[in-house]
Amino acid sequence: MSNYLYIILFFKDLHMKTVELLREYIYPNLNVKLLLQEIFVKERGGAYTLECPSCGKKEAYILKKQNTIIPFIRCNRLNKCAYSISLWEYIKNRGGLSNKETLEILASFSNIDIRDFSYTK
């Protein structure tokens, strides 16, 4: 069974699943530097570089593509660490959050007010 959260969101008569909300609204507007300030994010060209949450080396990254991010944290030390986690799971685990709380945190760092959305599971 998948761990993905499926919520139908209603926004201005538009039905939207959480995955679509993340892809279309939250990730393109996400302030990655502020959200992940504890792992020292720097923007460099087509990626954000950061300290790996697992090994502590400054060789992890989040890729950028066009006007959005690829929402995975990956350590570039493939032979020694190879840490990889979705941004969703990292935020959820970091704070011991529920899926709803994770969505709220990501939305807040994207300046998206999800109170404008009504949703059901």
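**Briefing: strands, a hairpin and a helix pair**

Gly 45 takes a positive phi near 55 degrees in the hairpin of E3 and E4, which has two residues between the strands. This is a predicted model: local features need pLDDT of at least 70, side-chain atom pairs count only at pLDDT 80 or more, and totals for chains, interfaces and linings use all residues. Residues are numbered from 1 along each chain as its sequence is written, and side-chain values use heavy atoms, with hydrogens and water left out.

**Confidence**
- The protein chain has a mean pLDDT (the predictor's confidence in each residue, from 0 to 100) of 85, and 82% of its residues reach 70 or more.
- Residues 1–14 have pLDDT below 50; beyond near neighbours in sequence, this stretch has 36 contacts (heavy atoms within 4.5 Å) in the model.
- Where pLDDT is low, the predicted coordinates should not be read in detail.

**Overall make-up**
- The protein chain has four helices and nine strands. These are DSSP runs numbered from the N terminus: helices are H or I with at least four residues, strands are E with at least two.
- From the N terminus on, the order is β-β-α-α-β-β-β-β-β-β-α-α-β.
- Of the 121 residues, 34% count as buried (under 20% relative accessible area, with a 1.4 Å probe and protein chains only; exposed is over 50%, partly exposed in between).

**Strand pairing**
- Strands pair if DSSP finds at least two bridges between them.
- E3 (residues 42–44) and E4 (residues 47–50) are antiparallel, over three bridges. Lys 42 stands opposite Thr 49 in E4.
- E4 also runs antiparallel to E5 (residues 60–65), joined by four bridges. Here Ala 47 faces Leu 63 in E5.
- Two bridges join E5 to E7, again antiparallel. Ala 60 is opposite Cys 75 in E7.
- E7 and E8 (residues 84–86) run antiparallel with three bridges. Arg 74 has Ser 84 in E8 as its bridge partner.

**Helix pair H3 and H4**
- H3 (residues 87–95) and H4 (residues 99–108) pack at about 110 degrees, with axes 9 Å apart. Axes are lines fitted to C-alpha atoms, for helices over the stretch in contact, and angles run from 0 to 180 degrees between N-to-C directions.
- H3 and H4 are therefore roughly perpendicular (65 to 115 degrees) to each other.
- Trp 88, Ile 91 and Lys 92 in H3 meet Asn 99, Thr 102, Leu 103, Ile 105 and Leu 106 in H4.

Notes:
Parallel < 35°, antiparallel > 145°, perpendicular 65-115°, else oblique.
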